[in-house]
Amino acid sequence: MNLAARPTFRFAPSPNGALHLGHAYSALMNQRLAGEAGGRLLLRIEDIDLTRCKPEFETAMREDLDWLGIAFSEEPRRQSKHLDDYADALAALEARGLVYPCHCRRAEIARSNCGLRDPDGAPLHRGRCVAVPAVEAGRRAAAGERSAMRLDVSRALSSLAAPLTWREFGEGARERIVAADPAAWGDVALRGRGQPANYHLAVVVDDALQEIGDVVRGRDLYAATSVHRLLQALLGLPEPRYRHHRLVLDANGDKMSKSASSTPLRVLREAGFAAGELRSALGFGATAASGLAVRFS
């Protein structure tokens, strides 16, 4: 794969709720950069969470994106149709002794780690289960206990020949080199209980298979790039360029999110806003925005 020869961008929402202004900004930013580069824009449906992701949410997302005027170069890649790709990547890491089963509950991890948290605010897991004998892990599995699969970050980092970095452009044209810090995440889970893979593993596999040369996403995923660069290095995957853009804020000054029930695009449409007004309010057009105030982080 030669990422430099194929300028390819992607917008990758999860169909577990309605799109809001933050999603619109990210999709429009990808569209703009793909156009400026003469490249392709792909749609990825990140539906690996088979419990929360629903077909009706995907249908609604596609309608919102059509309304915004965002076109994609080909049919979307759906993670739920490519579970073998993630299983193969996990098996490759397991063959090198870089992952291990973990039966710990979130509360157990929180009690044992003196309140340490990863960049997302979750209890930090640091090798608590590495020393569990294989016989014990096998007994638990035979008894029907579901386990997560965690990356042994310390061992993984010691296997690398050089420190990890990534190329960060933000929303500009000037590149800067950022030192990655995967250890800040502890032994991150690559497969959860009852899930074929988690976000970190799936996203690096997808980006490589889709030949994504520029990963354009919100600043809330800036820290996660450290984990993604580690997985890319371990799996021998290409390194894309990264562009972490600013975030759209809600009325309380917080990042918009589905969990916070931020105003969906569909509601704005039903309130009478035109797609051109919304695009202009977000900085992607010339149409005057009537009454739609947008704030950024």
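How many nonpolar, polar and charged residues are in the lining of the second largest pocket? The lining has 9 nonpolar, 2 polar and 2 charged residues, where Ala, Val, Leu, Ile, Met, Phe, Trp, Tyr, Cys and Pro count as nonpolar, Asp, Glu, Lys and Arg as charged, and the others, Gly among them, as polar.

## Basis of the report

The structure is a predicted model, in which local features need pLDDT of at least 70, side-chain atom pairs count only at pLDDT 80 or more, and totals for chains, interfaces and linings use all residues. Residues are numbered from 1 along each chain as its sequence is written, and side-chain values use heavy atoms, with hydrogens and water left out.

## The second largest pocket

The second largest pocket holds about 210 Å³ of space. It is lined by 13 residues, and those closest to its centre are Leu21, Asp250, Ala251, Met256 and Ala293.

A pocket is defined on a 1 Å grid over the protein atoms alone, as an open set of points where a 1.4 Å probe fits, with protein on both sides within 12 Å along at least five of seven lines; lining residues have an atom within 4 Å of a point. Grid points are joined across faces, edges and corners, and the volume is the space filled by probe spheres set on the points.

## Aromatic rings and arginine

The structure holds 3 aromatic pairs, a pair being two rings of Phe, Tyr or Trp (its six-membered ring) with centres within 6.5 Å. One aromatic cluster is formed by Tyr25, Phe284 and Phe296.

Phe296 also has the charged end of Arg246 over its ring, 3.7 Å from the ring centre. Likewise, the charged end of Arg243 sits over the ring of Phe169, at 4.5 Å from the centre. Such a contact requires NZ of Lys or CZ of Arg within 6 Å of the ring centre and within 35 degrees of the ring normal.

Buried means under 20% relative accessible area, exposed over 50%, and partly exposed in between (1.4 Å probe, protein chains only). The buried residues of helix 8 include His228, Arg229 and Gln232 as well as Val227, Leu230, Leu231 and Leu234. Helices (H or I, at least four residues) and strands (E, at least two) are DSSP runs, numbered from the N terminus.

Gly236 follows helix 8 and has a positive phi, near 70°. Glu211 has a positive phi as well, near 55°, although it is a residue other than glycine. Most residues other than glycine have a negative phi. Glu211 lies in the loop between helix 7 (199-209) and strand 9 (214-218), and it is buried because its relative accessible area is 13%.

Ser14 lies in the loop between strand 1 (8-11) and helix 1 (21-37), and its relative accessible area of 21% makes it partly exposed. Its C-alpha atom is separated by 8.0 Å from that of Glu58, 44 residues apart along the chain. Arg62, in helix 2, is partly exposed at 26% relative accessibility; Arg62 and Pro15 are 47 residues apart in sequence and 10.0 Å apart in space, C-alpha to C-alpha.

Asp49 belongs to the loop between strand 2 (40-45) and helix 2 (55-68) and counts as buried at 18% relative accessibility. The C-alpha atoms of Asp49 and Asn16 are 8.5 Å from each other, with the two residues 33 residues apart along the chain. Pro163, in the loop between helix 6 (153-158) and strand 6 (165-168), is exposed, with a relative accessible area of 77%. Pro163 and Ala180 are 17 residues apart in sequence and 7.9 Å apart in space, C-alpha to C-alpha.

## Cysteines

The structure holds 0 disulfides, a disulfide being a pair of cysteine sulfur atoms within 2.5 Å. Cys102 is buried because its relative accessibility is 1%, and Cys104 is buried at a relative accessible area of 10%.

Notes
Rings of Phe, Tyr and Trp (its six-membered ring) pair if their centres lie within 6.5 Å; planes under 30 degrees apart count as stacked, over 60 as edge-to-face and the rest as tilted.
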